[in-house]
Amino acid sequence: KSHLPPAKHPAGADRCFIIDGHNLAYIAYYSRHGLSSGGKSTAIMYGMLQDIRSLITTYPAAKLIVCWDGQKHPERLKLLPTYKSHREKNMGPREKKRMLKEMIRTRKLLYYLGVPQAYNPDMEGDDMVYWMTKKYQNLFKVWIVSGDKDMCQLINYDVQVYNPRTKDIYSTFAFICDQKVEVNQYIDYLCLIGDKSDDIPGYY
């Protein structure tokens, strides 16, 4: 029998998940590629729901928001016309169209399940994650769920990043052990090394 007083709040009452929807969708699509029903791909629909279920079962949370990608920011394209250009080459138009349709079906399913979602057609998913994080970090301990390393620049004492692929949790504690720099140096570090996944060159 425990002699400790009963908990005033349930586990995870102070936690909020901000989920990078496109990142989790890509992970689900490629890890469960070929999964289908009635001739339609269900890799994203099934995979995302399973991944979200596993996440909230392991780490209970009071709130969960899925953020989706809109269009590329025009100012970034002005600065760098090749911004994220290789992604168009990696996937054919037919596969891209099929994947987009499944994402739309997945968003509808999440809506019917009552899962809050954030989307703006003129805003990239990364930016939406940023705005949602800024909105909720004063109310909750925010966990950003994404495999995108750029999200680590948002880490502070109220925000950490959970990588759904590796299950790693990145916080201010011992951040330098994995990333070679401290959190407050991370933006400068990314600017120096560039980002191949976004076709952004670094400094020579």
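The model is predicted, so local features are reported only at pLDDT of at least 70 and side-chain atom pairs only at pLDDT 80 or more, whereas totals for chains, interfaces and linings use all residues. Residues are numbered from 1 along each chain as its sequence is written, and side-chain values use heavy atoms, with hydrogens and water left out.

The protein has 8 helices and 8 strands; helices (H or I, at least four residues) and strands (E, at least two) are DSSP runs, numbered from the N terminus. The radius of gyration of the protein is 18 Å, close to the 17 Å given by the globule rule for 204 residues, so the protein is as compact as a globular protein of that length. Here the radius is taken over C-alpha atoms, and the globule rule is 2.2 Å times the number of residues to the power 0.38. Along the principal axes, the C-alpha atoms fill a box of roughly 60 × 50 × 25 Å. Of the 204 residues, 38% are buried; buried means under 20% relative accessible area, exposed over 50%, and partly exposed in between, with a 1.4 Å probe and protein chains only. Among contacts (heavy atoms within 4.5 Å) between residues at least 6 apart in sequence, 62% join residues at least 24 apart.

In soluble globular proteins, nonpolar side chains tend to be buried together. A nonpolar core is defined as a set of buried Ala, Val, Leu, Ile, Met, Phe, Trp, Tyr and Cys residues joined through side-chain atoms within 4.5 Å. The largest such core has 25 residues, and those with the most contacts inside it are Ile 18, Cys 67, Met 132, Tyr 136 and Ile 144. At least two residues of this core come from each of strand E1 (15–20), E4, helix H6 (125–136), E6, E7 and helix H8 (186–193). Helix H6 gives the most to this core, with 4 residues. Leaving aside residues up to four places away in sequence, Met 132 touches Ile 18, Ile 65, Cys 67 and Ala 118. A second, separate core of 21 residues includes Ala 25, Ala 43, Leu 64 and Leu 110.

The buried residues of H6 are Gly 125, Asp 127, Met 128, Val 129, Met 132, Thr 133 and Tyr 136. The expected span of a helix is 1.5 Å times one less than its number of residues. For the 12 residues of H6 this span is 16 Å, and the end C-alpha atoms are 16 Å apart, which agrees. In H5, the residues Met 99, Glu 102, Met 103, Thr 106 and Leu 110 are buried. An α-helix has 3.6 residues a turn, so residues three or four places apart point the same way. On the other side of H5, Pro 93, Arg 94, Lys 97, Lys 108, Tyr 111 and Tyr 112 are exposed. The buried residues of H5 pack against helix H1 (21–31), strand E3 (40–41), helix H2 (43–58), strand E4 (63–67) and strand E5 (117–118).

Helix H1 is mostly covered, as 8 of its 11 residues are buried. The buried residues of H1 include His 22, Asn 23, Leu 24 and Ala 25, and the buried residues of this helix pack against E1, E3, H2, E4 and H5.

Several loop residues were also examined. Ser 146, in the loop between strand E6 (141–145) and E7, is buried, with a relative accessible area of 1%. Asp 122, in the loop between E5 and H6, counts as exposed at 60% relative accessibility. Most residues other than glycine have a negative phi. Lys 167, however, has a positive phi near 70° and lies in the loop between strand E7 (159–162) and strand E8 (169–170). Ala 174 likewise has a positive phi, of about 55°, and is partly exposed, with a relative accessible area of 35%.
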